Amino acid sequence: MKLMTKGCLVACVAGVSLFGGCGGEGESSSAPAAAKKPSVNAMAVKGGLVFKKTCATCHGGDAKGMENNGPDLTASEFVRDTSAEDLLTYVQVGREVPGGVPMPPRGGFTEEMLPDDDIVKVIAYLKNFPGNKP
Ligand code: HEC
């Protein structure tokens, strides 16, 4: 009876250390996946082209804003402090402005004309302005 108790204890301790080993391996395998992501700069360049076609009418060709219309997006606390994921949702949904000029959903374009992929590129373009970096 005494011996069996001892045996169980040894097995449990061995089990715990095995699980510890597995956790370590999982972490190291995530590095190659991150390397496959497209470069931020290539995305930003493409995003600049999309911006000129879909956002510049209200935010200006240089994204510095237009009076009584879209605000400056090159030095925007909102763009700086909002995650890329939440900015995608923001552009999809737009913003109602009671008594003022709204930001239309997708800038007024359909999903066919301005797919999510293109919005993601525009966001990379906007996040790349020095005024929007943390
Ligand atoms: C029809 C005009 C119009 C178009 C087109 C447009 N916007 Fe806007 N956008 C606005 C206006 C007006 C506001 C300000 C809304 C407000 O006062 O809250 C705004 C606000 C924003 C903001 C929030 C800025 C801040 O500091 O709060 C972001 C980000 C933005 N637009 C991104 C875009 C992107 C990206 C596109 C192109 C896909 C786009 N907009 C197209 C009119 C437009």
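Trainee: Where is R95 found?

Mentor: R95 is found in the loop between α6 and α7. This is a predicted model, where local features need pLDDT of at least 70, side-chain atom pairs count only at pLDDT 80 or more, and totals for chains, interfaces and linings use all residues. Residues are numbered from 1 along each chain as its sequence is written, and side-chain values use heavy atoms, with hydrogens and water left out.

Trainee: What makes a stretch of the chain a helix?

Mentor: A helix is a DSSP run of H or I with at least four residues, and a strand is a run of E with at least two; both are numbered from the N terminus. The chain has seven helices and zero strands. Its pattern reads α-α-α-α-α-α-α.

Trainee: Why is R95 called partly exposed?

Mentor: Buried means under 20% relative accessible area, exposed means over 50%, and partly exposed lies in between (1.4 Å probe, protein chains only). R95 has 41%, so R95 is partly exposed.

Trainee: What makes R95 sit over the ring of F78?

Mentor: A charge sits over a ring if NZ of Lys or CZ of Arg is within 6 Å of the ring centre and within 35 degrees of the ring normal. The charged end of R95 is 4.9 Å from the centre of the F78 ring. That distance is within 6 Å, and the charge is listed as sitting over the ring.

Trainee: Which residues does R95 touch, leaving out those up to four places away in sequence?

Mentor: F78, Y90, P102 and M103. Contact means heavy atoms within 4.5 Å.

Trainee: What makes the link between the side chains of R95 and Y90 a polar contact?

Mentor: A polar contact is a pair of N or O atoms within 3.5 Å; within protein, one must be able to donate a hydrogen and the other to accept it, and residues adjacent in sequence count only if both atoms are side-chain atoms. R95 and Y90 are joined at 3.4 Å, within that limit.

Trainee: Which residues of α6 are buried?

Mentor: In α6 (residues 84-93), they are L87, L88, Y90 and V91. They cover an arc of only 160° around the axis, which puts them on the same side of α6. The arc is that of the directions from the helix axis to the C-beta atoms. On the other side, E85 and V93 are exposed. The cover over the buried residues includes α5 (77-81) and α7 (116-127).

Trainee: Why is the pair of F51 and Y125 called tilted?

Mentor: Rings of Phe, Tyr and Trp (its six-membered ring) pair if their centres lie within 6.5 Å; planes under 30 degrees apart count as stacked, over 60 as edge-to-face and the rest as tilted. F51 and Y125 have ring centres 5.4 Å apart and planes at 45°, so the pair is tilted. The pair links distant parts of the chain: F51 is in α3 (residues 40-54), Y125 is in α7, and they are 74 residues apart.

Trainee: What makes Y125 and F129 edge-to-face?

Mentor: Their centres are 5.1 Å apart, with 70° between the planes. F51, Y125 and F129 form one aromatic cluster.

Trainee: How do you know that T54 is buried?

Mentor: T54, in helix α3, has a relative accessible area of 9%, so T54 falls in the buried class. The side chain of T54 also reaches the backbone oxygen of V50 at 2.8 Å. T54 touches F109 and L114, not counting residues up to four places away in sequence.
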